[in-house]
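Reader: Please take a close look at one part of this model, the aromatic side chains. How do they sit, and what lies around them? Then place that part in the wider chain.

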Amino acid sequence: MVEFATLFVIATFTFGSSFCCLALWTIQKSTALRESFGLLCKFQMLTDLCLLTVTSVFSLIPIEWAPADSSFLSIVITYIAEISYHYSSAMHVLFAINRFIYIVFPTLQQAWRKATPKILVLSAIVTAFHTIMMSILDLNLYWVYDRVTYIWHMTHTEWTDFYVKYFEVLWSTCEISLILILDTVTFGFILFKKFKVSRNDVHMKRRVESRLVLQSFCQCIPTTTVNVVYFFILPHTISPHLKIVFSSIWIVTNLLDA
């Protein structure tokens, strides 16, 4: 089992970090990605790299050298991982807002460009507070990496179910809903404008529609996958190998972002 868990962590880190670095290199080289979209992409890739690095290194520490689950160091590390995951998820919402502004309210593009760095900072603060709520609710509520079963899980306290229900599942569901609402309005606006453009522009509009639908669909997949697999499928999984994979799904979905 230890061999499988180790290989799984190394493979996830290798592929995930490679894709993220490739994406960062592409962003840096592309002049078309110097706008808000490129900045959002860069922050998401950096956040995903942080999550992959922190969780992978922490997971690979031998049990005899690993800090105690309740130690300050372990809790800080898992906090960084949790913040990174939710901050990366918040990027999906910001991508939807970016599409909405650029297509529905193009006159606000300049203001959005200037506001994007500040919005990224604000999102980081909100995400950090979201994670710190674990300690506010219960000091004994935090993430743990079990080095016997190689499974990521939360400690079980009287507040665990509350946090999972409202700060994990409901929070993520609201993010997905907001993305779908914004993209539906954006898509509807494109369809409306299509009837007012010349025939030469129709093909270009169709490409925009296809790209919008694809981006919206792809950005809902990671969060939806984590919610369904981790909170609903993992508890009923029997295979120890699948448990290792399913409990790390919130880390593996970084591959989809890249």
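Author: Start with two side chains, Tyr145 and Trp152. Both are buried. Keep in mind that the model is predicted. The count of aromatic pairs comes to 14. Tyr145 and Trp152 make one of them, with ring centres 4.9 Å apart and planes at 45 degrees, so the pair is tilted.

Now take Tyr230 and Phe231. Their rings are paired edge-to-face, 5.0 Å from centre to centre, with 75 degrees between the planes. Tyr230 is buried, and Phe231 is buried too.

These pairs belong to a wider set. Ring pairs join Phe58, Tyr85, Trp143, Tyr145, Trp152, Tyr230, Phe231 and Trp250 into a cluster. One member also has a charged neighbour. Arg147 lies over the face of Phe58, and the distance to the ring centre is 4.6 Å.

Next, the strands. E1 covers residues 143-146, and four bridges join E1 to E2. The two strands run antiparallel. What stands opposite what? Trp143, a member of the ring cluster, has Met154 in E2 as its bridge partner. Asp146 faces Ile151 in E2. E1 and E2 make a hairpin, and four residues lie between them. Tyr150 is in that turn, and its phi is positive, at about 60 degrees.

Follow the chain past the hairpin. Glu158 lies in the loop between strand E2 (151-154) and H5. Is Glu158 buried or exposed? Its relative accessible area is 71%, so Glu158 is exposed. The cut-off for exposed is over 50%. Glu158 comes 17 residues from Leu141 in sequence, and their C-alpha atoms are 9.1 Å apart.

Leu170 is the aliphatic member to check. Leu170 belongs to helix H5, which spans residues 160-194. Its relative accessibility is 40%, so Leu170 counts as partly exposed.

The salt bridges come to two. In one, Arg99 pairs with Asp183, and the closest N and O atoms are 2.8 Å apart. Arg99 sits in helix H3 (residues 72-104) and Asp183 in helix H5, so this pair ties together parts that are 84 residues apart in sequence. Are these two partners buried or exposed? Arg99, at 7% relative accessibility, counts as buried. Asp183 is buried as well, with a relative accessible area of 4%. The limit for buried is under 20%, so both values pass.

The other salt bridge joins Glu35 and Arg113, at 2.3 Å from N to O. This pair also links distant parts of the chain. Glu35 is in the loop between helix H1 (2-29) and helix H2 (36-60), while Arg113 is in helix H4 (residues 109-137). Glu35 is partly exposed at 35% relative accessibility, and Arg113 is partly exposed at 27%.

Ala11 is in helix H1. Its relative accessible area is 31%, which makes Ala11 partly exposed. Ser56 is 45 residues from Ala11 in sequence, but the two C-alpha atoms are 9.9 Å apart in space.

The protein has nine helices and two strands. From the N terminus on, the order is α-α-α-α-β-β-α-α-α-α-α. The hairpin of E1 and E2 is the β-β step in that order. Of the 258 residues, 45% are buried. Tyr145 and Trp152, where this look began, are buried.

Note on methods
Residues are numbered from 1 along each chain as its sequence is written. This is a predicted model: local features need pLDDT of at least 70, side-chain atom pairs count only at pLDDT 80 or more; totals for chains, interfaces and linings use all residues. Side-chain values use heavy atoms; hydrogens and water are left out. Buried means under 20% relative accessible area, exposed over 50%, partly exposed in between (1.4 Å probe, protein chains only). Rings of Phe, Tyr and Trp (its six-membered ring) pair if their centres lie within 6.5 Å; planes under 30 degrees apart count as stacked, over 60 as edge-to-face and the rest as tilted. A charge sits over a ring if NZ of Lys or CZ of Arg is within 6 Å of the ring centre and within 35 degrees of the ring normal. Two strands pair if DSSP finds at least two bridges between them. A salt bridge is a side-chain nitrogen of Lys or Arg within 4 Å of a carboxyl oxygen of Asp or Glu.
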